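Here are a few notes to read alongside the model.

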Amino acid sequence: MKLGSHVSMSGKDMLLGSVEEALSYGANAFMIYTGAPQTTRRKDIRELNIEAGVAALQAHGIALEDVVVHAPYIMNLANPDPEKRAFAVRFLTEELQRSAAIGATQIVLHPGAHVGEGAEAGIAFIVDGLKQVFENTEALSIKIALETMAGKGTEIGRSFDELAAIIEGLNHHPRLSVCFDTCHTHDAGYDLIDNLEGVLAEFDEKVGLSRISVLHLNDSLNPRGASKDRHANIGFGHIGFEALHRVLTHPTFQEIPIILETPYVTPNDESKDKVLPPYRHEIAMLKRGVFEPNLIESIRLGK
């Protein structure tokens, strides 16, 4: 099982620091942003400490294919404004180049939001933008993994049909894959709790299970179909531990990176100036396969 979480990449250590943080959680996979997801500020590739980071990966048996990059949120390939779409194409191209320099094999992308123009128009914009990005990076092999979305606002990717339309529009491009997010899929209305096999069968029919290259394993603060995209800690949301563990152990997801994006926990000691990552505890719980109802309190107490 390739199980890990989102980790930071910052300071002087950069990629090396990401590897060390993942190892502290007992992970053998992880996801990073190449910079703050809400800004365009990025360090030069030479400052990413790639050589030391890759050496640490090799020393601990983590494959580069299990290092996932997430694209920043500031890009919207579906935006009806041509200047904003041009920016998205340019910045996504640069993100692919940075990610490939690290050695990552895929970058997760929120498809985009149509901003009132309608899903059909938004999908057409996304297809056109991705065509340009693939042309700009034809010398690279890194994939773009379109994320399944919750359906908040005007975002595209809330249904398997919308993802299928993008993939069809790009003639089933070999560098186009899918990131399956459990919180988003649940919030979009798919029944992962009582009908996991049916959901996966529908996905296989419309998109193809072989397209899934990364799994985001998250619980949801919302009931199914709420279209809100609010993550919860594993077992403490509306999906629940048993359903998420069935996803985790399903044959579909056994050969791909599985990434937790669950919320940090507020410590009991209010004098502390930062929240606490839950990943070491959640990874251990998932590996044991037994829900721990006192997990959040244990994290708060620093156990």
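**Spaces and backbone notes**

1. In the lining of the largest cavity, the classes come out as 5 nonpolar, 4 polar and 1 charged residues. Here Ala, Val, Leu, Ile, Met, Phe, Trp, Tyr, Cys and Pro count as nonpolar, Asp, Glu, Lys and Arg as charged, and the others, Gly among them, as polar.

2. Before going on: this is a predicted model, where local features need pLDDT of at least 70, side-chain atom pairs count only at pLDDT 80 or more, and totals for chains, interfaces and linings use all residues. Residues are numbered from 1 along each chain as its sequence is written, and side-chain values use heavy atoms, with hydrogens and water left out.

3. The whole-structure search turns up 1 cavity of 30 Å³ or more. A cavity is a set of points, on a 1 Å grid over the protein atoms alone, where a 1.4 Å probe fits but cannot get out; a pocket is an open set with protein on both sides within 12 Å along at least five of seven lines, and lining residues have an atom within 4 Å of a point. Among the residues lining the largest cavity are Arg158, Phe160 and Tyr190.

4. Now the largest pocket: its lining has 7 nonpolar, 10 polar and 6 charged residues.

5. Asn49 is not a glycine, yet its phi is positive, about 55 degrees. Look for Asn49 in the loop between strand E2 (29–32) and helix H2 (50–59); helices (H or I, at least four residues) and strands (E, at least two) are DSSP runs, numbered from the N terminus.

6. Asp229 also has a positive phi, near 60 degrees, and sits in the loop between strand E10 (219–220) and strand E11 (231–232).

Definitions and conventions
Grid points are joined across faces, edges and corners, and a volume is the space filled by probe spheres set on the points.
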